[in-house]
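Hi there,

Here is the structure I promised to pass on. Have a look at it first, and my notes follow below.

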Amino acid sequence: MKITLAHGSGGKSTNDLINAVFAKHFSNPILNMMEDSAVVDGSQKIAVTTDSFVITPLIFKGGDIGRLSVCGTVNDLLMRGAMPKYITSAFIIEEGADTETLEQIVISMAETAKEAGVTVICGDTKVIEGNGGIYINTTGVGFVKYSTNIVSTNILEGDAVIVSGNLGDHHATVLSHRMGIENNIQSDNAPLGEMVRNMLKGGIELHCMRDITRGGLGTVLNELADASSVNIEIEESKIPVSDEVRAFSKILGLDILHMGNEGKLVAFVPESQAQQAVDIIKSSKYGENAAVVGKVCNGSGVTMLTPLGGKRNVTVLYGEGLPRIC
């Protein structure tokens, strides 16, 4: 099998590659859970995650690869209820890269780390042949301070499905840059620590959380429905999307459910706590457009109710989607 751009899409091809190569040889009980980060024993429970960032362009409206690398890593820790504390930073730089651009990215990364409450504790830099590209790998460590068991197998029939805000902003921003389209859309890349901490402090019974990145909401929900052997039913009219991103997606024939994000999460909570959870998220930074978008039912897969009263099966992302989105 030859590697193609589709293997970096976050959809079926990515999962096939992970299962065929990485999961096959790195298999262990912790890794096999396939969560956003791993919770292991130490002096106290810690969570560990790692990620690599290869976005084009390096700098875009609302962010850059430096901010993205911090947000992506701390959000993965937060999805297990861990409070991010430390982060590592490894840069792979192609010859020809501009030092002013590199410094701008590093400054952005440092500012985002401060906002997220993490310390960059070690790093590495390699320079390779190329055409000026910059790639970043980050590893994050967080501490599990709250008594939680937030995993993808904990979703229960009757749970409410909550999305923390407008979908598609990051995908639309990156694509606009590449196509030279002028608009006011900005990436949503953001650390989600405040809303997660507030939900945990507020006593919300979080059964599962995931950040909605590559592959979009549709792919994430399918992965979770499969893990918990449930049907997840969402309502199209309740999915939060800005008017500009909605228009952009219609013009280009994009499906909002498969557009990537870098500052949104989906949470599963008991229906009795749904409104409380939404209120908490809305009062937190980056959560002003949070909404309940569906519920968990008996069955399997993911379905969506349309405004006309129809029902549509929602699949994972197939094909390459938009390469180098994070």
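Which residues does Ser89 touch, not counting residues up to four places away in sequence? They are Met109, Val120, Cys122, Gly123, Asp124, Ile136, Asn137 and Thr138, where a contact means heavy atoms within 4.5 Å. Ser89 itself sits in strand β5, which covers residues 83-94, and is buried with a relative accessible area of 8% (buried is under 20%, exposed over 50% and partly exposed in between, using a 1.4 Å probe and protein chains only).

A word on the source: this is a predicted model, in which local features need pLDDT of at least 70 and side-chain atom pairs count only at pLDDT 80 or more, while totals for chains, interfaces and linings use all residues. Residues are numbered from 1 along each chain as its sequence is written, and side-chain values use heavy atoms, leaving out hydrogens and water.

Now for the whole chain. The protein chain has eight helices and 14 strands (DSSP runs numbered from the N terminus: H or I of at least four residues for helices, E of at least two for strands). Its radius of gyration is 19 Å, close to the 20 Å that the globule rule gives for 326 residues, so the chain is as compact as a globular protein of that length. That radius is taken over C-alpha atoms, and the rule is 2.2 Å times the number of residues to the power 0.38. Along its principal axes the C-alpha trace spans about 55 × 55 × 45 Å.

Of the 326 residues, 52% count as buried. Among contacts between residues at least 6 apart in sequence, 85% join residues at least 24 apart.

Best wishes
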